[in-house]
Amino acid sequence: MSNFNYPNFPVSRLRRLRKTASLRDMFRETILTKNDFVFPLFIVEGNGIRNEISSMPNIFQLSVDGALRECEEILNLGIRAVLLFGIPKHKDEIGSEAYNENGVIQNALREIKKRFPELLVITDVCLCEYTSHGHCGAIENGDVLNDVTLELLAKEALSHAENGADIIAPSDMMDGRVAKIRRTLDENDFTDIPIMAYSAKFASAFYGPFREAAESAPQFGNRKSYQMDIGNSDEAMREIAADISEGADIVMIKPALAYLDIIRRAKDEFNIPLAAYNVSGEYSMIKAADEKGWIDGDKAMMESLISIKRAGADVIITYFAKDAVKLI
Ligand code: PBG
């Protein structure tokens with residue numbers, strides 16, 4: 001973009017179009033709509049369970065009955081999509097509950113799709129909520145085994161598809177998982193189920209509250225051998241390119257706010273739907289500052305969400321979804 005032929009002050013006065021609310025509204029470049037949002041849900045086993053997550057005001061672990069009520073509320077608000085995380089009672093070394101036909105997500109999927117067939121149900125495919133050690137795959141000598149984990153993830157993804165998932169979202173950051181999941185889905189006649197890949201997922205401190213919600217904190221070490229280094233932008237582009245070549249339909253950047261440059265770069269370099277995950281810590285910081293009276297939480301929320309869309313995101317996964325659509 002060149003300003004070469006533009007008039008200068010005093011002919012040009014950029015404040016002219018900021019004078020009234022009507023002018024500002026008419027010329028606002030970035031606008032949020034109800035179609036932009038995905039609301040995450042944490043599903044637990046049992047009945048009548050509604051546990052507020054202490055570090056995430058107004059966000060709950062819900063048993064399926066509560067999740068159904070939540071889905072109804074979401075649809076009434078005009079939100080079209082949810083992202084499901086499952087928290088099983090039983091965890092083991094390889095996260096075998098993740099592909100149990102009667103597992104927490106499988107049961108939730110059947111119930112939700114039966115009641116609300118029009119709701120877009122995306123499932124997070126990962127093992128950290130299901131493993132006793134809290135890592136995102138099978139462990140050997142203290143590290144996550146890549147290729148063994150691919151087999152487990154493919155089973156989990158297939159089981160989600162069989163029980164009604166509309167979109168499969170692998171969040172583990174193993175190499176080759178999109179290819180493996182795509183092949184498995186295709187071989188089982190799920191050729192039309194899209195994959196939303198958590199492509200550039202950084203080893204971030206902003207996931208803290210989520211790990212309380214999902215009971216998925218690693219029991220030793222950290223996730224740095226599979227999630228990306230926070231300083232890397234070129235590598236993020238390689239991750240995205242790899243996922244697209246393996247069959248991802250939608251790619252995701254996560255977290256969002258500390259990675260707006262990555263979102264913009266991905267938007268410029270790739271012609272593919274782009275999702276951004278406005279993660280738990282980003283939510284909790286605004287909620288906490290609002291509770292203290294230090295910032296206006298609603299305004300800070302809207303400003304954050306607009307920045308994510310302005311950076312280039314087509315879809316925003318956010319715990320603010322319900323709060324935000326009430327204001328648009
Ligand atoms: C991993 C996963 C994580 C989130 C979603 N899926 C975080 C982690 O690595 O522990 C984080 C989401 C959030 O912070 O809101 N399966």
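1. Start inside the protein. The largest cavity has a volume of about 90 Å³. A cavity is a set of points, on a 1 Å grid over the protein atoms alone, where a 1.4 Å probe fits but cannot get out. Grid points are joined across faces, edges and corners, and the volume is the space filled by probe spheres set on the points.

2. A word on the model and its numbering. This is a predicted model, in which local features need pLDDT of at least 70, side-chain atom pairs count only at pLDDT 80 or more, and totals for chains, interfaces and linings use all residues. Residues are numbered from 1 along each chain as its sequence is written, and side-chain values use heavy atoms, with hydrogens and water left out.

3. What lines the largest cavity? There are 14 lining residues, and Cys128, Lys201, Phe210, Arg223 and Lys254 lie nearest its centre. A lining residue has an atom within 4 Å of a point. By class, this lining has five nonpolar, three polar and six charged residues. Here Ala, Val, Leu, Ile, Met, Phe, Trp, Tyr, Cys and Pro count as nonpolar, Asp, Glu, Lys and Arg as charged, and the others, Gly among them, as polar.

4. Where is the ligand? The ligand sits in the largest cavity; that is, more than half of its atoms lie within 2 Å of the cavity's grid points. Around the ligand are 17 residues, each with a heavy atom within 4 Å of it. Arg211, Gln227, Lys254, Ser280 and Tyr319 are the closest. The shell divides into nine nonpolar, three polar and five charged residues.

5. For arginine 211 the distance is 2.6 Å. For serine 280 it is 2.7 Å. For tyrosine 319 it is 2.6 Å, from an N or O atom of the side chain. The protein covers 100% of the 400 Å² of accessible area that the ligand has on its own. That area comes from the Shrake-Rupley method with a 1.4 Å probe.

6. Other cavities deserve a look. The count comes to three cavities of 30 Å³ or more. Strands here are DSSP runs (E, at least two residues), and helices are runs of H or I of at least four, numbered from the N terminus.

7. Now the largest pocket. A pocket is an open set of points with protein on both sides within 12 Å along at least five of seven lines. About 260 Å³ of space lies in this one. Its lining includes Arg13, Arg16, Arg18, Arg24, Arg28 and Glu29. The class count is three nonpolar, one polar and six charged.

8. Check the backbone too. Most residues other than glycine have a negative phi, and most peptide bonds are trans. The bond from lysine 254 to proline 255 is cis, with omega near -10°. Proline 255 is in the loop between β10 (250-254) and α8 (260-269). Phenylalanine 9 to proline 10 is also a cis bond, with omega near 10°. Proline 10 comes in the segment before α1 (21-27).

9. Asparagine 58 has phi near 70° and lies in strand β3 (residues 56-62). Asparagine 141 has phi near 50° and lies in the loop between β6 (139-140) and β7 (143-144).

Note on methods: A polar contact is a pair of N or O atoms within 3.5 Å; within protein, one must be able to donate a hydrogen and the other to accept it, and residues adjacent in sequence count only if both atoms are side-chain atoms.
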